[in-house]
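Good morning, and thank you for making time on the agenda. I would like to take you through one structure, and I ask that you keep it on the screen as I speak.

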Amino acid sequence: MEALTYREDHVVSTISTTGIVATTPRHVTTAEGLAITSFRLASTRRRYDSSVDSWVDADTNWFTVVAFRQLAQNAQRSIHKGDRVVVTGRVRVREWEHDSGSGTAVEIEADALGHDLLWGTTEYSRNRSPRDDLSIEDDESDVEEVAVLG
């Protein structure tokens with residue numbers, strides 16, 4: 001499920017994938033106050049093998065998932081090693097070199113992240129902001145006015 005997006009003369013690949021959180025999510029806040037949460041995701045494709053009459057695991061793709069700002073803060077509180085999740089975001093492929101060798105890293109900069117409800121249930125809690133409190137008070141005052149007028 002990969003879509004290509006064209007933006008400012010370059011191609012940005014967007015991907016949606018499911019998998020298992022393979023590492024304990026790491027959360028940091030930079031000196032500038034930017035929240036970042038990252039973890040490794042193992043995404044294994046399943047296929048039906050008619051020779052053994054059952055579903056079997058195929059290849060596993062490994063991704064580093066990185067979330068920023070509010071998504072990072074919510075991920076820190078919600079996502080744990082072993083959780084099955086759904087991730088949508090922008091893909092970056094980077095070549096790396098180190099004394100011990102070189103390789104390719106595939107990173108997903110998450111736009112959306114959540115539990116995969118095929119495998120279990122979860123409970124949702126909406127982020128609260130000071131504006132939410134104001135709108136609740138406004139809604140309650142409207143109700144009181146209607147009750148007085150009615």
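This is a predicted model: local features need pLDDT of at least 70, side-chain atom pairs count only at pLDDT 80 or more; totals for chains, interfaces and linings use all residues.

Let me begin with Leu-41, which, leaving aside residues up to four places away in sequence, touches Thr-17, Gly-19, Ile-20, Val-21, Asn-61, Trp-62, Phe-63, Val-65, Val-85 and Val-87.

Leu-41 belongs to the largest nonpolar core, which has 16 residues. Those that touch the most other members are Phe-39, Leu-41, Val-65, Ile-79, Val-85, Val-87 and Leu-113. Two or more residues of this core come from each of β2, β4, β5, α1, β6 and β7.

Strand β4 spans residues 35-49 and includes Ser-38. Is Ser-38 buried or exposed? Its relative accessible area is 18%, under the 20% limit, so Ser-38 counts as buried. Beyond its sequence neighbours up to four places away, Ser-38 touches Thr-24, Pro-25, Arg-26, Val-65 and Val-66.

I turn now to β6 and β7. These strands, residues 84-98 and 101-115, run antiparallel and are joined by 14 bridges. They form a hairpin with two residues between them. Val-85, which we met in the core, stands opposite His-115 in β7.

The structure holds six salt bridges. In one of them, Arg-90 pairs with Asp-111, with the closest N and O atoms 2.5 Å apart. Arg-90 lies in β6 and Asp-111 in β7, so this pair ties together parts that are 21 residues apart in sequence. Both are partly exposed, Arg-90 at 22% relative accessibility and Asp-111 at 44%.

Which residues form salt bridges with Glu-107? One is Arg-92, at 2.7 Å between the closest N and O atoms; another is Arg-94, at 3.3 Å. Glu-107 itself counts as buried, at 17% relative accessibility, whereas Arg-92 is partly exposed at 33% and Arg-94 is partly exposed at 39%. Arg-90, Arg-92, Arg-94, Glu-107, Glu-109 and Asp-111 are linked in a network of salt bridges.

Finally, the aromatic residues. A search of the whole structure finds one aromatic pair. Tyr-48 and Trp-55 form it, edge-to-face, with 5.6 Å from centre to centre and 70° between the planes. Tyr-48 is partly exposed at 40% relative accessible area, and Trp-55 is exposed at 53%. Elsewhere, Arg-84 lies over the face of Trp-119, 3.7 Å from the ring centre.

Technical notes: Residues are numbered from 1 along each chain as its sequence is written. Side-chain values use heavy atoms; hydrogens and water are left out. Two strands pair if DSSP finds at least two bridges between them. Helices (H or I, at least four residues) and strands (E, at least two) are DSSP runs, numbered from the N terminus. Buried means under 20% relative accessible area, exposed over 50%, partly exposed in between (1.4 Å probe, protein chains only). Contact means heavy atoms within 4.5 Å. A nonpolar core is a set of buried Ala, Val, Leu, Ile, Met, Phe, Trp, Tyr and Cys residues joined through side-chain atoms within 4.5 Å. Rings of Phe, Tyr and Trp (its six-membered ring) pair if their centres lie within 6.5 Å; planes under 30 degrees apart count as stacked, over 60 as edge-to-face and the rest as tilted. A charge sits over a ring if NZ of Lys or CZ of Arg is within 6 Å of the ring centre and within 35 degrees of the ring normal. A salt bridge is a side-chain nitrogen of Lys or Arg within 4 Å of a carboxyl oxygen of Asp or Glu.
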